[in-house]
Amino acid sequence: MTLHALTKPWEPMSYGFLDASAKREIRRKMIKAIAVPGCQMPYASHEVPMARGWGTGGLQVSLTLVNPSMRVKVIDQGADDSVNAASIRRFIARVAGTPTTMDTLDADLIQSRHRIPEEVLREDQVLVLQVPNPEPLRPVQPNMSIARQMHADADYGRMWLQLYEQIVRSGRVMQGASYPSLVHGRHVMTPSPIPRWDVPKLHMAKHLTILSAGREKRIFAVPPFTRVEPLVFSDVPYKVEDHADLTCHRSGTRGFFMNEIPQDDGTSVFEVSDSAWGVKAIRRRDGEEVALGETWYKNGKMPS
Amino acid sequence: MAYVATRGGERAIEQSQRLFKAELGDITPERVAEIRSAMPYLIDRVMGEASLYDEDLAALALAQTGGELYEAVLLLRAWRTTQPRIAVAEPVTQDALFTHRRISAAFKDIPGGQVLGPTLDYAHRILATEVLDGQTHRPEPVEPAAKPAPANQPSVAAWQAENGLLRAAVPDTQTGNDIPDVTREPLLFPAKRAHTLQSLARAETGGVLALGYAAQRGYGQAHPTVNELRLAEAEVVVTHPRGTQFSAGRVKVSQAEVVSKKGEQLELGFSATLGWNEVKVIAAATLDLNSKSAPKGSATEEEFFLYHTEGVESSGFCIHFKLPHYVTFQSSLYAMRDAKAKKAAKEKSAEPAE
Amino acid sequence: MTLTLDAPRIVTTHPLLQVHHVSKSYGSVNALRDVSAIAYPGEVLGIVGESGSGKSTLLRMMNLEETPDTGSYTLDLPDVEGNLFDLDRFARRMLCATRIGIVYQNPHLGLLMKHSSSGNVAERLLVAGERSFATLRAKATAALEASEFPLDRLDAPPIELSGGMQQRVQLAKAIALEPALLLLDEPTTGLDVSVQALVLDTLKRLQQERRITMVIVSHDLGVIKTLADRVMVMKGGEVVEAGLADQIFQDPQHAYTQQLVHAKL
């Protein structure tokens with residue numbers, strides 16, 4: 001055996017940027033997170049060539065999971081061509097040689113900031129959500145060590161109290177995005193700042209969702225077929241944003257989460273937030289053969 | 001919406017980077033060498049916050065970012081992520097430091113003596129404007145002392161411990177890869193001592209100063225006296241796979257001990273960092289001193305100051321607010337409008353809406 | 001001839017609360033030394049003593065906030081067994097949330113000052129698992145009403161209320177789940193004398209209507225005399241005298257008790 005056979009030529013960086021020991025740690029923490037759904041697992045969270053708060057948690061998970069045959073989709077606020085999504089997609093492709101796609105149906109791994117695509121995800125797809133603040137208890141308990149203890153005790157009275165107070169003060173639950181949800185009947189998690197519209201998509205979903213906060217160094221997961229229940233009072237039903245009857249002014253698609261675009265005349269028009277879905281709808285309208293997947297919402301309603 | 005125009009993203013970010021780089025012009029080996037030699041204190045600060053001791057890389061990071069310090073530190077930290085750990089150096093003891101500057105405010109004289117060393121402390125802060133008129137500002141030559149100060153000195157805290165004034169720190173028995181490393185494991189609370197000291201060593205200078213100053217001004221419980229401040233060089237001694245111990249080089253280090261009276265004993269706060277950065281170690285040692293008795297949630301509590309002085313995290317989070325947030329915004333907008341409508345309906349009918 | 005008597009207040013033969021041989025020291029300070037206490041169902045146990053006598057420490061132990069070095073604590077309730085000091089964190093928390101109510105001298109310890117008053121009461125019900133908004137609202141209102149809290153201030157935060165009102169919110173929170181045991185730590189200390197009398201009236205009425213077992217701690221013998229059926233006198237971490245209230249007030253045995261009683265009279 002020669003020395004040459006035992007060694008590899010020098011490279012400026014490892015495959016997928018992170019070195020093998022960092023990836024091993026993240027794999028272990030992901031397995032722990034899947035084993036205890038919704039429970040936040042601390043991890044080292046290395047610095048990557050992007051600023052903290054810009055998707056470094058999601059990126060580390062994606063870089064650990066990818067291989068050269070996996071097709072990667074990256075979205076930010078629902079859009080594939082948002083500048084930061086473009087930057088992350090380019091980085092993953094550059095350091096891991098992965099093919100990229102914008103079509104949800106073609107993607108093996110989807111890294112997303114603040115949205116879940118409108119087309120139903122399959123068993124063979126992984127959704128990686130970027131998380132700015134992994135701690136649902138932060139508004140009621142800013143101290144991380146006390147909050148950890150509260151999770152261990154399943155001490156969630158204050159979370160409910162917060163909802164009670166909102167109804168008393170404003171007549172409704174005011175929590176918008178990041179709606180706190182009980183996972184597998186045990187841990188309350190933040191689903192990351194996805195709109196309420198998207199939270200029901202996580203409940204008993206076929207796909208694996210990994211949520212990763214780089215700056216705050218926490219990974220948690222919703223394994224396939226796991227209960228995800230928004231915290232609601234039994235007599236005050238959970239309400240998603242009132243977008244069921246809105247129509248996208250560009251693609252004509254209707255019954256999905258929309259972006260509101262204020263107009264000069266004081267009115268607003270709406271544009272479908274899942275940009276890839278909107279593009280496919282336009283292409284189909286223009287006569288192209290485009291595969292549209294099954295959507296979670298049908299006619300603006302989530303089947304229960 | 002302008003900056004998420006359909007299909008425009010990739011081109012836009014490419015061009016925005018070009019615009020930034022065009023302002024900086026060519027980055028040449030000469031420019032990097034000039035930064036390295038002209039700005040050693042800036043290099044030290046960046047190396048300390050990056051926890052990566054390499055003057056050339058630090059100078060390159062400064063050149064590449066045009067002196068945007070947070071960006072320079074991030075660049076070095078990201079580089080550090082890709083580097084394997086080949087060895088763990090032997091612990092550096094205080095009396096083994098090659099000391100350049102060592103002062104104590106606690107005693108007029110200390111065993112080993114006060115060594116003023118290089119400092120601007122007593123300089124009059126006057127701009128040398130003659131340089132702008134085309135003249136060269138040439139420093140006066142240094143006149144060596146008749147008797148050079150000894151290069152190796154004991155710590156003041158060690159003398160105090162011998163005299164029963166404070167309890168000496170218990171030496172850490174962990175060695176090699178067992179030493180907790182904050183770059184390889186998350187910071188949890190109560191923090192391991194190694195993690196606390198490492199986090200302070202990597203902390204952002206301005207953040208440490210702000211919180212340390214708050215403690216010094218009276219928001220802390222303990223008023224610090226600088227027991228000893230030291231600027232020195234440390235040998236990085238590593239073990240060759242064959243067993244030979246050798247010095248892989250010298251690094252500049254700063255350290256501060258601050259003390260305060262607690263009952264019949266002195267309490268000690270400590271901090272050390274790579275590079276020479278006096279403000280940072282005095283402020284950090286003040287925070288360390290105050291953390292023992294800090295109330296939960298106060299600015300001198302360990303969890304509070306370690307989280308909030310982590311420069312890469314705090315600066316990254318701060319600038320992330322530039323990213324589009326219209327999905328979250330839309331969600332709260334809906335709740336707001338609905339609540340408003342409910343209230344209006346309620347006032348109109350005087351009957352409860354639900 | 002038929003003799004009719006009022007039913008005696010103390011009828012059960014088995015005490016609800018039993019604390020046995022509890023000792024606790026902090027460093028070299030003995031906070032409690034071999035303290036025992038009992039309270040029968042529906043009875044009010046008054047603990048009197050100066051500050052530093054250990055009475056508040058004992059009360060905190062009854063609320064499972066602190067654990068003694070030695071000693072035992074039992075409550076004679078269905079599904080509650082064994083020495084409560086041996087319970088794990090979770091069981092302690094659930095027991096305190098559902099079976100024991102407490103009112104602190106300092107309302108900041110018992111209340112979230114910036115949440116609504118009704119929310120403070122509702123929290124208790126939420127911890128016990130209530131998930132209907134309408135029920136929470138109704139039960140919180142009922143508990144506040146029972147504590148004679150003005151219902152037009154239902155959603156005012158305690159920070160905007162007077163000291164007496166804050167104590168009524170604490171009381172409503174404590175009785176919301178109809179606890180088996182109500183602990184009162186100097187509940188009226190620091191209030192104006194007239195307000196103090198009103199709060200004591202409420203406590204007395206509640207006690208008579210609901211027959212809640214109470215333990216009240218006070219340095220004020222007058223407060224103890226108003227409410228207690230049974231009295232324990234503490235000094236320096238020890239019980240110097242214990243017995244039925246009448247007995248203690250009419251015929252104090254220990255010199256310290258005599259001094260207290262005479263000072264009061």
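**Figure 1. Burial and overall dimensions of chain C in the predicted model.** Of the 265 residues in chain C, 43% are buried. The chain contains 10 helices and nine strands. Its radius of gyration is 19 Å, close to the 18 Å that the globule rule gives for 265 residues, so chain C is as compact as a globular protein of that length. Taken along the principal axes, the C-alpha atoms of chain C fill a box of roughly 55 × 50 × 45 Å. Among the contacts in chain C with a separation of 6 or more, 65% join residues 24 or more positions apart.

**Figure 2. Burial and overall dimensions of chain B.** Buried residues account for 33% of the 354 residues of chain B. Its secondary structure comprises 12 helices and four strands. The radius of gyration of chain B is 26 Å, whereas a compact globule of 354 residues would have a value near 20 Å. The C-alpha trace of chain B spans about 90 × 60 × 55 Å along its principal axes. Residues 24 or more positions apart supply 63% of the contacts in chain B with a separation of 6 or more.

**Figure 3. The crossing of helix 4 and helix 5 of chain B.** The axes of helix 4 (residues 55-65) of chain B and helix 5 (residues 69-81) of chain B come within 8 Å and cross at roughly 130 degrees. The two helices of chain B are therefore oblique to each other, and their crossing is right-handed. From helix 4 of chain B, the contact is made by B:Leu57, B:Ala58, B:Ala61, B:Leu62, B:Gln64 and B:Thr65. Helix 5 of chain B contributes B:Glu71, B:Ala72, B:Leu75, B:Leu76 and B:Trp79. By class, the residues of this contact are eight nonpolar, two polar and one charged. An α-helix has 3.6 residues a turn, so residues three or four places apart point the same way.

**Figure 4. The contact between chain A and chain B.** Two pairs of chains touch, and the most contacts are between chains A and B. Chain B gives 47 residues to the contact and chain A gives 49 residues. On the side of chain B that touches chain A, the elements giving two or more residues are helix 1 (9-24), helix 5, helix 11 (311-320) and helix 12 (326-349) of chain B. Helix 12 of chain B provides the largest share of that side, 13 residues. The residues of the side of chain B that touches chain A divide into 22 nonpolar, 12 polar and 13 charged.

**Figure 5. The contact between chain A and chain C.** This contact takes 12 residues from chain A and 17 residues from chain C. The side of chain A that touches chain C has seven nonpolar, two polar and three charged residues. Chain C does not touch chain B, and the nearest C-alpha atoms of these two chains are 11 Å apart.

Figure 6. A:Gly287, which follows helix 7 of chain A, has a positive phi, near 95 degrees.

Key: Residues numbered from 1 in each chain as written. Chains lettered and ligands numbered in written order. Predicted model: local features only at pLDDT ≥ 70, side-chain atom pairs only at ≥ 80, totals over all residues. Axes fitted to C-alpha atoms, helices over the stretch in contact; angles between N-to-C directions. Parallel < 35°, antiparallel > 145°, perpendicular 65-115°, else oblique. Left-handed = near helix turned anticlockwise from the far one by under 90°. Contact = placed C-beta atoms within 7 Å. Nonpolar A, V, L, I, M, F, W, Y, C, P; charged D, E, K, R; others polar. Rg over C-alpha atoms; globule rule 2.2 N^0.38 Å. Buried ≥ 20, exposed ≤ 12 C-beta atoms within 10 Å, placed from the backbone.
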